Amino acid sequence: MLRVAEQYAATDTGRQRRANEDALLARAPLYVVADGMGGAQAGEVASRIAIESFQPGLGEGTHPERELAELARAANARIYELSRQNAEQAGMGTTLTAVYVGEREVAIAHVGDSRAYCLRDGELLRLTDDHSLVDELLRQGRLTPEEAVEHPQRSVITRALGPEGVVDVDTRSFRGRGGDVYLLCSDGLTTMVPEVEIAAELVAHRRLRDAGEALIGAANEAGGRDNITVVLVRLEEVELGQGAAGSPHATQAHALDEAAGEGARANGAELERTIVGAPAVTAPPARPPEAGAPAAPPPQRLPRHAPAAAAQPPRRRRRIPHAGAIGAALVTLAILAAAGYLAFQNVYFVGTDARGLVTLYEGLPYRLPLGVDLYSSEYVSGVSASTLTPAQRARLLNHTLRSETNAGDLIRSVELEQFE
């Protein structure tokens, strides 16, 4: 049978947010990550409700997928009703990714763009699909991975708990194995740190605490544009009857203590951890518009990694042999970017900002190398894209270039709930 040998859980506000809308639950055998949205404190409320809904845990039934889905739908109903009763929280929602460690299988429930991964034999396997506009366009073949990296609507999600009264919950079961490391995380990690670097950090650090802190540090080093939540779980296999007495589900916490001991607790193997958000911190204002950090849509299966020393991210070991040539190239690139920017000032398109609010942009919907944007924010509405139907989002956020009048009229129709 499987049991949890070590775990680590933490959430970080990041470097450009003043509040933390992420929340997590880490209590063997159940682990949950939620990333709230909605502005003000609405996102924090939504993610907290999601976590509270899972705190009672699962029963002794034989259908963990079904039970996880039922808990997710119960959370959705609570968030939806509260948002209808309170105008300040209208349209709030949250992502949800939950993992339950059973005797032989790991059950997963998922809504939104938080993710679950499994590191097995040095390979990182992605276990969830993002419910986001960009990922759906990728799956339909309407975007290439290269185009997805620069897409200004990377932060738009197409499914969440709360915005609608009924929600579809993705579930699956994955055959577990001793030595597996499971990672649950919010998009504050995956939009800042490429999957190859995530895998390299997990391979490089034996202790989960070290790996988790390295991942959060890497996300902050890359800009920390969003809240960052990381939950890590290492499994081991034991023979039936080994360890504590009682049912395998009821003794997971005791097994964690017994198998890991004092050393494991120093390594981040806390027996229980529930975190809802984090204290507000003083952070520099975000550079507008941030529609999410560039990160190439990852493959489902990543290659086996070399030893830790060889797996360090290239940006940490890159040398600059010809500074003069690179400087000249940068100057040339800046001139070209400035010329292109001025040439396209009379072109507009509709997108979303980092909070998922419908936004009017001036320029072209592209970002050049070195983070040079060809667009700037002109107007931010109070409408969250998550409150629109998938069909409405597809028509509204398709990068169509418009005149200022046309784009402005379009956003006004959205604000007046006249957009169809």
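Helix α6 (residues 195-204) is largely enclosed by the rest of the structure, because 7 of its 10 residues are buried. Here, buried means under 20% relative accessible area, exposed means over 50%, and partly exposed lies in between (1.4 Å probe, protein chains only). Helices (H or I, at least four residues) and strands (E, at least two) are DSSP runs, numbered from the N terminus. The model is a predicted one, in which local features need pLDDT of at least 70 and side-chain atom pairs count only at pLDDT 80 or more, while totals for chains, interfaces and linings use all residues. Residues are numbered from 1 along each chain as its sequence is written, and side-chain values use heavy atoms, with hydrogens and water left out.

The buried residues of α6 can be picked out by name: Glu195, Glu197, Ile198, Ala199, Ala200, Glu201 and Leu202. Their cover includes the strands β7 (115-120), β8 (123-126), β10 (181-185) and β11 (228-237), together with the helices α5 (187-190) and α7 (208-221).

For the protein as a whole, 11 helices and 15 strands are found. Buried residues account for 53% of the 420 residues. The exposed surface comes to about 18400 Å², and carbon and sulfur atoms supply 52% of it; accessible areas come from the Shrake-Rupley method with a 1.4 Å probe, and for residues only the protein chains shown count as cover. A contact means heavy atoms within 4.5 Å. Among contacts between residues at least 6 apart in sequence, 72% join residues at least 24 apart.

The axes of α1 (residues 42-54) and α2 (residues 64-85) come within 9 Å and cross at roughly 145°; axes are lines fitted to C-alpha atoms, for helices over the stretch in contact, with angles running from 0 to 180 degrees between N-to-C directions. This crossing is right-handed, a label given if the near helix is turned clockwise from the far one by less than a right angle, with anticlockwise giving left-handed. On the α1 side, Val45, Ala46, Ile49, Ala50, Glu52, Ser53 and Phe54 take part, and they meet Leu68, Leu71, Ala72, Ala75, Arg78, Ile79 and Leu82 of α2. The residues of this contact divide into 11 nonpolar, 1 polar and 2 charged, where Ala, Val, Leu, Ile, Met, Phe, Trp, Tyr, Cys and Pro count as nonpolar, Asp, Glu, Lys and Arg as charged, and the others, Gly among them, as polar. An α-helix has 3.6 residues a turn, so residues three or four places apart point the same way.

Leucine 96 belongs to strand β5 (residues 96-101) and is buried, with a relative accessible area of 0%. Beyond its neighbours within four places in sequence, leucine 96 is in contact with residues including Ala50, Phe54 and Ala72. Rings of Phe, Tyr and Trp (its six-membered ring) pair if their centres lie within 6.5 Å; planes under 30 degrees apart count as stacked, over 60 as edge-to-face and the rest as tilted. By this rule there are 4 aromatic pairs. Phenylalanine 174 and tyrosine 182 are edge-to-face, because their ring centres are 6.4 Å apart and their planes at 80°. Phenylalanine 349 and tyrosine 361 are stacked, at 5.3 Å centre to centre and 20° between the planes. Phe349, Tyr361 and Tyr375 form one aromatic cluster.
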